[in-house]
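Morning, everyone. Please bring the structure up on your screens. I'll keep this short.

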Amino acid sequence: MTHTATDTAPSPSNPAVGMPSSNKPPLHPGLADIVLSETRLSRVDGQRGELVLAGYAVEDIAPRVSFEAMIHLLWTGSLPDDAELAALRRALAERRILPGATVALLRKAAERRVHPMDTLNMATASLHLSTALSTSGEGPMQSVAPYDDTALRLLASMPLMVAAYERLCQGLEPLAPHPELGHAAQLLYLLHGEEPSDIQARALDTYLNTVIDHGANASTFTARVIISTDSDLVSAVVGALGALKGPLHGGAPGPALDMVFEIGEASRAEAYLRAKLARGERLMGFGHRVYRVRDPRAAVLEGAARDLYREGPQRELYELARQVEAAALRLLAEHKPERQLRTNVEFYTALVLHGLGLRSDLFTPLFALSRTAGWIGHAEEQRRERRLIRPRLWYVGPEPV
Ligand code: ACO
């Protein structure tokens, strides 16, 4: 592959290269507002609070279809018919198997209680050991048009890694996949050892669909950068996992739930949150680089949480979370009136995943299991673009004497 960008030479597309330091170009900290490329996968409108996923508003599509259908939509541009959906389900089921070396690694990580995101990162990287993964496409299992074999293998095996690791940490043996369950129900079965109810499976499908893709977020950008170097899909997903781990990106829902638990009852919310802000701390689950109104994903997940908690013993937790949200919004408006800090996706993510019986350490790995489908879609778009991503930095160090 021939890349068109160069590392050092001035070029017509980038005339600033080699400019004297007096001609300092405008900087773009955090690359905010920089449009990297075109995408067919998702459109994020931060002013209007809209998220479009491959032609569908998130609130219309996420609560309605299975995660497998959502993958098909993202990767092919249309929802699957029955035969296509069945073929994708079969392709994923055939790949629900972990290499022996990956299972050995999970056991070692469980002994040492490694952070679940670091474990998922290592276990995903260990797929490089699998003889079935072949960049030439000549593994024992061939690609199933229109899907790439490595892409399917990543999506099928990463839930096994998360569930096996969780069980090993609890002193339990990993379970073999259930032959009949779809992706979301399968994951709950592999974690808990029993078939979930329809409401639980629906809640997880809705969650996975809601967070599948979201523009040029930090982890997606990371995946695109890696693929732009002509690297491989497993490396792109491993790099993206590293970016997703941080609390300013995918690592917020655990702390958001901890905050609700620490508050404990609605009457304590205001004093607790005020003290947190006075200490200069951030309220997890609020604020977003792009949204200036409520993150539309928060509304979808609030609905999923409402259904999930409707009859359960933890109904009070849902009510408490809503009151904490209201207090947080009031105080953030006082604290930073110019910023318009609103609820983001992580706040209700925490509630949904907790309601499905997951420990908070697993929230970010679950996010990753969905976003992997988005990363893969972006990797494919970036690969077709055949352009190395290579921004510049402005040198402010000493000049040679
Ligand atoms: N609580 C309190 N203050 C906040 C919050 C918050 N949640 N979010 C932003 N602010 C304040 C900052 O302290 C900062 O104040 P300053 O100008 O006095 O320094 C100002 O608002 C701007 O903050 P930035 O970090 O520049 O805003 P940015 O748009 O880059 O940040 C971010 C977005 C990182 C999500 C931020 O709002 C935050 O830290 N939120 C809490 C963590 C969180 O919920 N992360 C999940 C994001 S969703 C996702 O990635 C999937």
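Predicted model: local features only at pLDDT ≥ 70, side-chain atom pairs only at ≥ 80, totals over all residues.

Ligand site to begin. There are 21 residues around the ligand. Arg282, Leu283, Phe286, Lys336 and Asn344 come nearest. What is the make-up of that shell? It divides into 11 nonpolar, five polar and five charged residues.

Now the polar distances. A polar backbone atom of Leu283 sits 2.8 Å from a nitrogen atom of the ligand. Gly285 also uses the backbone: one of its polar atoms there is 2.9 Å from a ligand oxygen atom. With Arg289 we turn to a side chain, where a polar atom lies 2.9 Å from an oxygen atom of the ligand. As for burial, the ligand taken alone exposes 920 Å², and the protein buries 77% of that.

On to the helices. H11 spans residues 253–263, and H15 spans residues 345–355. How do they pack? Their axes are 8 Å apart, at an angle of about 75°. Angles of 65 to 115 degrees count as roughly perpendicular, so that is what H11 and H15 are to each other.

H11 brings Pro253, Ala256, Leu257, Met259, Val260 and Phe261 to the contact. H15 answers with Glu346, Phe347, Thr349, Ala350, Leu351 and His354. By class, this contact has nine nonpolar residues, two polar and one charged.

Methods
Residues numbered from 1 in each chain as written. Heavy atoms only, no water. Axes fitted to C-alpha atoms, helices over the stretch in contact; angles between N-to-C directions. Helix = DSSP H or I, 4+ residues; strand = E, 2+ residues; numbered from the N terminus. Parallel < 35°, antiparallel > 145°, perpendicular 65-115°, else oblique. Contact = heavy atoms within 4.5 Å. Nonpolar A, V, L, I, M, F, W, Y, C, P; charged D, E, K, R; others polar. Near = heavy atom within 4 Å. Polar contact = N/O pair within 3.5 Å; in protein donor to acceptor, adjacent residues only side chain to side chain. Areas by Shrake-Rupley, 256 points an atom, 1.4 Å probe, with all protein chains shown as cover.
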